[in-house]
Each structure stands twice: as C-alpha cells, then as structure tokens.
Amino acid sequence: QVPGGEGMKKLSLMFLALLVLVFGCGSTTGEKSPSGAVKGYDFELSSVDGGKVRLSDFKGKVVVLQFFGTYCPPCRMEIPVLEKLYRDYGGKVVVVGVSVDYVDGEPSSLKSFVKSMGVTYPVVVSDMKTWREYAGRITGFNTIPQTFILDREGFVRYYEVGFKPSYERLFRNAIDELLKEG
C-alpha cells in the first residue's frame, strides 16, 4: 500500500466532486450555433399584464432575460440596471423579467411589485420547464438572479449568475457586441 494512499484517494474524490459542482455533469443536447452557443428555449409564458409572451416574438432583436424573485436583494438591485438598459437601447434590445416567485402559478402580487420597481419592460411568470431549460441546462445553478443575453437569432451568448453593480458594464459590452453583428 502506498503511504498516504487513502488520503490521496479522498482528496481526488473531493476534487472530482468540486469539478462536477462547478462545471456540471450533463451534456447539452439543444441546437448550437457555429460558435457553440446554445439556442434559447422558446417559452410561452403569462405576463403580468394578462397576455402571453414568447421568446420567438423578439426574433431579430437582442434579448436580455432576467430570472428573478421579488424576495431576492441582488435581483432588486439588478432590476433598475436592466430598466436603464431597456430605455437606453430603445427598440434594439428587449428585456424580459422572468419571475420565479410564482412558478406555474398566478402572479397575484407580482403586478404591484413590477409597478413599485418602475419596470416598463415585459415581466412574465416562469414555469418549471423554462427554469430548467435556462438555469438547469445552461448554467447548472439553482440560484437567482440569472441573466442571459441572447443574440438576434435567439442563441444564448452571455450569462451571469448573481449580480454586482459592475455587471452593468459587462451587459452593455455584450449588447454592443451583439448589435454590431448586425
């Protein structure tokens, strides 16, 4: 037996577990662009205004999706940044807030939250399939906020998990790059 062999085996298993935790252990089977970007799931979700919103409604535009919860302090910090982006870019960029508070349910108090936060972009209620397609399949993290930036063809080109004020610059850089692609 090699001295320290058992300890080394435990250390190797812990390292492997850490790699799985950080990078995930599944494969993505969705459509990919030549750059390897994953096609965004084309959801159809109920908006706080009572209508339906589909990702495909925004084909030809850069789309920013934010998965958020009304109870989440970083989500609340990110919302004004996304509102500013929505206004600054006008019709070239669409922001869609995707609430996870009421997954597969009715957004009883969500409408008042949206109004109190001064949100003018579309806000929808997530279902489990949409949450799994983005958080599960793309990031592998079960936390909010998660923000995805999709190109004009609907491919996820950038994402962030969590929020820091410095992300505004990252979001602007990503959006500007995607808008330059024409």
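In helix H5, the residues Tyr-167, Phe-171, Arg-172, Ala-174, Ile-175, Leu-178 and Leu-179 are buried (under 20% relative accessible area, with exposed meaning over 50% and partly exposed in between; 1.4 Å probe, protein chains only). Seen down the axis of H5, these buried residues fall within an arc of 165°, so they line one face of the helix; the arc is that of the directions from the helix axis to the C-beta atoms. The model is predicted: local features need pLDDT of at least 70 and side-chain atom pairs count only at pLDDT 80 or more, whereas totals for chains, interfaces and linings use all residues. Residues are numbered from 1 along each chain as its sequence is written, and side-chain values use heavy atoms, with hydrogens and water left out.

The protein has five helices and eight strands, which are DSSP runs numbered from the N terminus (helices H or I, at least four residues; strands E, at least two). The buried residues of H5 pack against strands E4 (62-68), E5 (93-99), E7 (146-150) and E8 (155-161) and against helix H2 (73-88), a contact being heavy atoms within 4.5 Å. Just after H5, Gly-182 takes a positive phi of about 75°.

The largest nonpolar core contains 50 residues, of which Leu-65, Leu-110, Tyr-134 and Ile-175 touch the most other members. Such a core is a set of buried Ala, Val, Leu, Ile, Met, Phe, Trp, Tyr and Cys residues joined through side-chain atoms within 4.5 Å. Leaving aside residues up to four places away in sequence, Leu-65 touches Phe-43, Val-96, Val-98, Tyr-134, Gln-146, Thr-147, Phe-148 and Leu-150. Buried residues make up 42% of the 182 residues in the protein.

The structure holds eleven salt bridges, each a side-chain nitrogen of Lys or Arg within 4 Å of a carboxyl oxygen of Asp or Glu. One of them joins the side chains of Glu-168 and Lys-84 (3.7 Å, N to O). This pair links distant parts of the chain, with Glu-168 in helix H5 and Lys-84 in helix H2, 84 residues apart. Lys-84 is partly exposed, at a relative accessible area of 42%. In another salt bridge, the closest N and O atoms of Arg-137 and Glu-133 are 2.8 Å apart. Because Arg-137 and Glu-133 are four residues apart in helix H4, about one helical turn separates them. Arg-137 counts as partly exposed at 21% relative accessibility, whereas Glu-133 counts as buried at 17%.
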